[in-house]
Structure formats: structure tokens, C-alpha cells
Amino acid sequence: MASDYARALGARLRGIRTQQGLSLHGVEEKSEGRWKAVVVGSYERGDRAVTVQRLAELADFYGVPVQALLPDAAPTGSSEPPPKLVLDLERLQSVPAEKAGPLARYAATIQGQRGDYNGKVLSIRTDDLRTLAVIYDVPPAVLAEQLITWGVLNADARRAVATED
């Protein structure tokens, strides 16, 4: 039976692989057989332990830092996960730079720090929304509404901001 940590590690591995648009067989093909689909799949399910060396090699293959593959050490046990806040990076490009400049710079920084490599969308945290509100000098709820209006932020942001009040 897979441990919680092994499953969390597997979820991170799967997330990076899918962000890069690779299937398990695609990994095997791209690696010219170095990474077998069945082995990578067993790592992702948490059915097979991965050594630190192999994890480092897999991170190198995906072109990400090893830390990007490691699960967060955040405690589990919160009753309901917070709403997922997702920025549409493609849509952000169509917003005039004088409005979206600070958001675009902040998003680029987050991408580098958190290793979100797909370039189409970016998950942000509620804390990020609060920080952006300070940058824009408006309350978080006002900023969330503006970003939703621009089509850059998903509507779940309303619930995230409402749970903070």
C-alpha cells in the first residue's frame, strides 16, 4: 500500500509530466527508452519507491528543479481545500500593459519560483491575490472582480476572497 507521501510525490510527478503534454508512453519515447512507461507510472501511483538519484535524473529529464517534484510539507487535515485560483496567462496577454503590467511581472516571478512550466495557466494562492491587491492598491475583493472581468482569473476567486472576510 502506498504511503501518503509516495502518493503526493507521484501526483507531483504526474503534474509535471502532464504540464509538458507527455503521456507515459511519450516519456518512454522522448527518453529513447531510458524511462519505461510502466516504471514512471508506478512512481506516479506511489506503488514503487524512487531513489533520490533516480528522482534527480527524472527532474533533469523534465527540465525542472528537483524541488518541483517534491510534495509540499504542509500539514494535511484541513476540512475543505481552498478554492483554486487560476490565472489565464494567454488571456493576460490581451489585457493592455498599462493595466496588466504588474500582474504579468508577478505571474512571471511565480512561474520561476514555483516551477509552473506550461505557460497557459498559472495557479496562484490566496496570499498572492492579497499581495497583488497591495500592488494595485485596492482591496482583494475589488481586484478579484477586476481580474474576473478581464477574463484573466477564474470565478472561484470570489469564494476565496469571501472566505477571508
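Modeller: Helices (H or I, at least four residues) and strands (E, at least two) are DSSP runs, numbered from the N terminus. The model is predicted, so local features need pLDDT of at least 70 and side-chain atom pairs count only at pLDDT 80 or more, while totals for chains, interfaces and linings use all residues. Residues are numbered from 1 along each chain as its sequence is written, and side-chain values use heavy atoms, with hydrogens and water left out.

Let's start at D137, which sits in the loop between α7 and α8. D137 is not a glycine, yet its phi is positive, at about 60°. D137 is exposed, with a relative accessibility of 69% (exposed is over 50%, buried under 20%, partly exposed in between, with a 1.4 Å probe and protein chains only).

Now look at the helices on either side of this loop. The axes of α7 and α8 come within 9 Å and cross at roughly 95°, so α7 is roughly perpendicular to α8 (65 to 115 degrees; under 35 is roughly parallel, over 145 roughly antiparallel, the rest oblique). Axes here are lines fitted to C-alpha atoms, for helices over the stretch in contact, with angles from 0 to 180 degrees between N-to-C directions. From α7, the residues L129, R130, L132, A133 and Y136 meet P140, L143, A144, L147 and W150 of α8 (contact is heavy atoms within 4.5 Å). Nine of these residues are nonpolar, none is polar and one is charged (Ala, Val, Leu, Ile, Met, Phe, Trp, Tyr, Cys and Pro are nonpolar, Asp, Glu, Lys and Arg charged, the others, Gly among them, polar).

Beyond its neighbours within four places in sequence, L129 is in contact with L85, L143, A144, L147, L153 and V161. The largest nonpolar core has 25 residues, and L129, L87 and L153 touch the most other members (such a core joins buried Ala, Val, Leu, Ile, Met, Phe, Trp, Tyr and Cys through side-chain atoms within 4.5 Å). At least two residues of this core come from each of β1 (85-88), α5 (89-92), α6 (97-114), β2 (121-124), α7 (126-136), α8 (140-150) and α9 (156-162). Another core, of 18 residues, lies apart from it and includes V50, L58, F61 and Y62.

L58 and Y62 turn up again where two other helices meet. There L9, L13, I16 and R17 of α1 are in contact with L55, L58 and Y62 of α4. Six of the contact residues are nonpolar, none is polar and one is charged. Helix α1 (residues 4-19) and helix α4 (residues 52-62) pack at about 20°, with axes 11 Å apart, so α1 runs roughly parallel to α4.

E32 lies between α2 and α3 (37-45), and E32 is not a glycine but has a positive phi of about 55°. E32 is exposed, at 76% relative accessible area.

Finally, step back to the whole protein. There are nine helices and two strands, in the order α-α-α-α-β-α-α-β-α-α-α. Of its 165 residues, 36% count as buried.
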